[in-house]
Amino acid sequence: MGERGPYDLLIVGGGINGVGIARDAAGRGLRVALVEMNDLASGTSSWSTKLIHGGLRYLEFYEFGLVRESLSERETLWRLAPHIVHPLRFVLPYQKGLRPAWMLRAGLFLYDHLGGRELLPPTRTLNLGRDEAGAPLTPGHRLAFEYSDCAVDDARLVVLNAMDARARGADIRTRAALVAGRREGDLWVCEIGDARGGRETARAKMLVNAAGPWVAQVLGQRLGIDARAGVRLVQGSHIVVKKLYDHARCYFFQNADRRIFFAIPYQRDFTLIGTTDRDYEGDPARVAASGEEIDYLIGAANAYFRRKISRDDLVWAFSGVRPLYDDGASEARAATRDYVFELDAQGAPLLSVFGGKITTYRRLALDALKKLGVGGDAGWSARAPLPGGDFPVDGLPALTARLRADHPFLGAAQAERLARSYGTRAAAILGAAKSGADLGEEFGAGLTQAEVDHLVDREWALNAEDVLWRRTKLGLVMPAQGAARLDAYLKAKTGLAPPATIPDWRAAAEL
Ligand code: FAD
């Protein structure tokens with residue numbers, strides 16, 4: 001059995017919170033290791049609504065601190081990663097009998113002014129009878145408000161943080177699970193199991209439990225510690241259909257049951273609709289959208305859009321569980337979205353992370369290191385761009401144009417996808433290629449061997465699921481035959497193709 005360490009910090013969990021802490025700590029000079037039992041972002045962090053947002057609805061639950069912190073992170077993250085973070089405008093129609101117009105206006109006034117906003121445009125009022133945003137909607141909608149938030153490629157945000165952490169010296173290991181851990185003197189001694197059945201011992205001065213929905217399981221079953229706090233698993237599901245409308249804005253709709261949902265332009269050709277909110281009990285690895293949730297979202301969309309959808313229109317459905325701190329709120333939608341730490345300092349420190357949002361991961365990392373007494377420059381993570389993000393926030397069109405100028409064989413959509421996924425690092429994937437053939441085998445949907453090799457060599461991808469559903473979302477458009485060829489290519493290249501873990505969404509929903 002191999003030995004690793006001693007590290008200053010060992011992190012369990014390669015979701016957004018784990019990698020965010022790893023990046024910040026490595027950047028401050030700590031010796032850091034992170035273990036992720038599956039793929040990076042294979043947990044909750046790739047099943048979100050993909051918004052970097054203040055969370056307008058959390059104002060209703062008086063979560064002003066959380067909303068302020070989230071709002072101010074929008075522009076910070078946009079500047080750090082302008083390839084994968086994009087500003088969006090949200091149309092919120094007033095609906096008679098639901099929240100009154102004055103309340104929406106007051107909420108949006110707060111939203112505009114609570115967190116620092118320098119680049120994002122402010123709220124405005126719309127007349128849906130005249131504005132094109134009214135055209136796709138059922139008749140009768142007149143007044144609406146339009147406000148700003150951002151969208152993010154959540155799974156790529158995780159990978160980019162992990163890449164940056166590694167570039168700063170962190171040891172990032174995927175398909176490596178914390179099996180057991182105990183304190184020995186001033187150190188944590190942890191047993192790590194890998195996908196080949198191997199075992200290693202890793203020693204570390206401090207341990208962070210960022211296992212998301214598994215946080216309590218890691219505490220109780222892996223570390224043998226009785227947790228004071230509980231985790232409340234709240235399931236949220238989304239559906240994806242062919243584009244319901246042509247403009248680039250999103251909708252923020254209210255339902256008669258006071259729940260809200262979004263309709264968001266997604267991956268060029270689709271509309272993403274979500275989310276639901278319901279308590280979940282069961283294995284977090286097996287969470288899948290239920291038929292009931294899918295019908296709820298279809299019904300909600302049909303109440304607002306002229307174009308009616310049915311189960312036959314579904315291209316994809318996905319589901320995740322929020323690992324929320326159990327604050328005893330009776331309704332799932334009211335449980336706090338803020339993060340809570342539990343620090344166990346009886347010997348070598350152990351910090352467990354509950355809750356949080358993709359939006360606040362960088363702030364959560366700052367707070368986590370503060371709680372652990374880590375010094376150094378607390379501001380650096382807001383200044384250094386994430387890999388590929390070293391260009392201006394409005395620089396994506398210029399970057400895309402440069403890729404096409406240097407590689408005239410690239411189609412417009414292909415160049416744009418590469419720029420949006422890899423930013424300035426897209427040039428390294430394309431290298432000196434003079435034609436499509438120079439990029440090697442083409443698997444379909446524009447995915448080439450050169451891109452796959454980059455994902456394996458630099459981004460920890462090992463199987464087709466990692467490539468098609470996390471590093472990219474080409475699974476939405478990839479023909480089955482291309483996916484099979486990719487699978488065979490990866491098996492030959494890596495010699496280790498871990499089994500897929502995403503549940504079959506059609507089977508789970510009994511469609
Ligand atoms: P995870 O991403 O689940 O990561 C934990 C990791 O730990 C997993 O990858 C798991 O494999 C690993 N792990 C577990 N046990 C072990 C072990 N023993 N050894 C090694 N590894 C282990 N937030 C936003 O800001 N904006 C949104 O639009 C948004 N929408 C959301 C919509 C839904 C439906 C949901 C469910 C959440 C949404 N969130 C959103 C919240 C956000 O997605 C989560 O708070 C965040 O992803 C949690 O990240 P995490 O790192 O804590 O957990």
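Strands are DSSP runs of E with at least two residues and helices are runs of H or I with at least four, both numbered from the N terminus. The structure is a predicted model, in which local features need pLDDT of at least 70 and side-chain atom pairs count only at pLDDT 80 or more, whereas totals for chains, interfaces and linings use all residues. Residues are numbered from 1 along each chain as its sequence is written, and side-chain values use heavy atoms, with hydrogens and water left out.

T275 sits in the loop between strand 14 (270-274) and strand 15 (278-279), and the peptide bond joining G274 to T275 is cis, with omega about 15 degrees. In the loop between strand 2 (32-35) and strand 3 (51-52) lies A41, whose phi is positive, near 60 degrees, although the residue is not glycine. Most residues other than glycine have a negative phi, and most peptide bonds are trans.

The domain assignment divides the protein into domain 1 (2-45 + 155-229 + 336-382), domain 2 (83-151 + 232-328) and domain 3 (396-501); the bounds come from an automatic or database domain assignment. Both domain 1 and domain 2 contribute residues to the shell around the ligand, so the ligand lies between them.

There are 38 residues around the ligand, of which E36, S45, L51, G356 and T359 come nearest; a residue counts as near if one of its heavy atoms lies within 4 Å. The shell comprises 16 nonpolar, 18 polar and 4 charged residues, where Ala, Val, Leu, Ile, Met, Phe, Trp, Tyr, Cys and Pro count as nonpolar, Asp, Glu, Lys and Arg as charged, and the others, Gly among them, as polar. A polar side-chain atom of E36 is 2.7 Å from a ligand oxygen atom, and a polar backbone atom of G356 is 2.8 Å from an oxygen atom of the ligand. The ligand taken alone exposes 1000 Å², and 98% of that is buried by the protein; accessible areas come from the Shrake-Rupley method with a 1.4 Å probe, and for residues only the protein chains shown count as cover.

The C-alpha centres of domain 2 and domain 3 are 30 Å apart. Contact (heavy atoms within 4.5 Å) involves 11 residues of domain 2 and 13 residues of domain 3. About 890 Å² is buried between these domains, 67% of it on carbon and sulfur atoms; buried area is the accessible area (1.4 Å probe) that two parts lose on being put together, summed over both. On the domain 2 side, H83, R268 and W316 lose the most area to domain 3, together 50% of what that side buries.

Terms used
Polar contact = N/O pair within 3.5 Å; in protein donor to acceptor, adjacent residues only side chain to side chain.
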